[in-house]
Each structure stands twice: as C-alpha cells, then as structure tokens.
Amino acid sequence: MDLRIYPYETIATMNEPEAITIATNATVLTIAGSDPSGGAGMQADLKTFQQMGCYGMSVVTLLTVQNTESVERVELMSVELIQKQFRAAVADIPPRMIKTGALGSEEIIRAVAQLIRDAEIPVVVDPVLVSKHGHRLADDDAMEAYIGELMPLANIFTPNRFEAEAILNRKLDSLQSCADAAAKLQSLGPQVVLLKAGEFDGQHHHMIATGNEQVMGLSLESLQSKDTHGAGCVLSAAIAARLSLTVEDEVTLPLMEEAMRFAATSVHHAIEFAPELGQGIGPVEIRVIRE
C-alpha cells in the first residue's frame, strides 16, 4: 500500500540558497540504553529517526561501556531519573510514536510500562532480552515483567528468535516453529508481532503475526556479513519513524504492515552496505535508509 505522509513544510535556510523540506509533526521518542560507539541503542535510534526525516527524542535507561568488540560495563539509571526524563520530554513535545530498547531490570520495565500506559502513545517494543547470538541479557524477573507488563501494550513487538525461545520456553529450529511462535507471542498481548526468525535455507526470514490466524512471511536474501551491530535497534526505530510520518490518527494494521516491510528491507540494505567500522562486529549503515 502507499503510505500517506504528512505535508512537508518548505523552509528557507540562511546558508543554503535552496529550500529544504521537513515533516514538522513527525516526533518519535526512544526509551533505550546508550552505546558510546554509536552503533546500537539510543544513538542508532536517533540516527535512524533523523535519517528518515523525524524529530527524535530520548530517555536514557542505562549506560554501557562498549564498542564493536565487547561490552565491559552496564550502569542502570534510577527509576526516578527515567520517569523524570520521560515526563519532561512528553509534556513539552508529545511524540507520535514511542519505541523501547534495552531497559535493564524488572523495576525499570514495570516503570516504563506504566509511563507508556498513562501516556497512551503507540509503541514499538524491541525487547532486547537475548542477543542475536543467543546470550541472555535479562533475568527471569525482567522476563516476567516484559511478558506481563510491556508486551500487552505493544502495537508492534519485535523479538529475535532467541528472545522468542526464552519467552515461550521452546526451541525454534524451523520456519514452521517460528511461524507458530509468532502467533503464540501475539496471543500474549501485542497487537502485531514481527519475529526476526533469522536464516533458514539461505534466506533471512521475518514472521508477522496479526491475530487473524495467519502468519505472513517476509524473506530476504541472506548476507554474509559480520557487520550487524545495531540491526535490531534500527529495525524497530525505522518502524516507529515510518509510522510517525503518517497522516492517519490511528496506527492501523495496514500501516503497520507497510512500515514493517519498509524497515526490514531498509535494514537489509544497511547490512549490505555496512561501512566496516571497528575491529569487531561493526555497525550497519544507517545512512542508506531513506523515507
């Protein structure tokens, strides 16, 4: 479908003879952790928002000491500080969309869920519970809080295969098992689930469950690249940004389906054209993403 976009305002700049266009009402808020290397977390989110022509805001949930090679330290923000950041941002510049990333603890997850519930703003929830390599990033209490508090608020829930396995306590080793898992996750509360199923038979697969007893598959050619740092963050950020650009008052299913397809294709290009930065798992190339 064609996505209807906010009318762009043309503004003249002091230093440029040609005018530029901006979507003044496309505001997006990320609630996420900080990656000082810039490849993931709120830095990747804000870059994605900006690249797509949206005005980005951020609530910092945790600080990390990391680069493309390793994560050395994680420091959680206090719940009070997170709440105050959120309320300050939302009270002054209301976001049209929210996306969540790394939250870090059960207490923070529950607090963020309450903030979103009170604000009544559409949200894309990227769980960040298990890394793309299968490493657990949250304890059982945090997992419970996600399932009970945050998942039911999600307009779109974007787990990877390992996160789906952890939430459902089952192994996903085939396309059919991933499709079944996407449907099961959707039954736990999210309006839509986009399960990043990963690679099967030379193709990279996503499973989209919308609650209509059908699961749509989206497949793209697998890329042999180690530079995938931030891919999940960029995917969920691109979905949120795309939806913030629509003129519709309500986040409808057709709009969400279009935004998910756009984001999946965009991240595929971002991996294909990764700039090969850093000595480890390098960041994807956000600058190739276009609204």
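**Strand surroundings and overall fold**

Valine 74 lies in strand S5 (residues 71–76), where helices (H or I, at least four residues) and strands (E, at least two) are DSSP runs numbered from the N terminus. The model is predicted, so local features need pLDDT of at least 70 and side-chain atom pairs pLDDT 80 or more, while totals for chains, interfaces and linings use all residues. Residues are numbered from 1 along each chain as its sequence is written, and side-chain values use heavy atoms, without hydrogens and water.

Valine 74 counts as partly exposed because its relative accessibility is 47%; buried denotes under 20% relative accessible area, exposed over 50%, and partly exposed the range in between (1.4 Å probe, protein chains only).

Strands count as paired if DSSP finds at least two bridges between them. Two bridges join S9 in the parallel sense to strand S8 (residues 156–157), with phenylalanine 157 opposite valine 193. Strand S10 (residues 203–209) runs antiparallel to S9 and is joined to S9 by seven bridges; within this pairing, methionine 207 is the bridge partner of leucine 195. Two residues separate the strands of the S9–S10 hairpin, in which aspartate 201 adopts a positive phi near 55 degrees.

Across the chain, eight helices and eleven strands are assigned. Of the 291 residues, 52% are buried. The C-alpha atoms occupy a box of roughly 60 × 45 × 45 Å along the principal axes.
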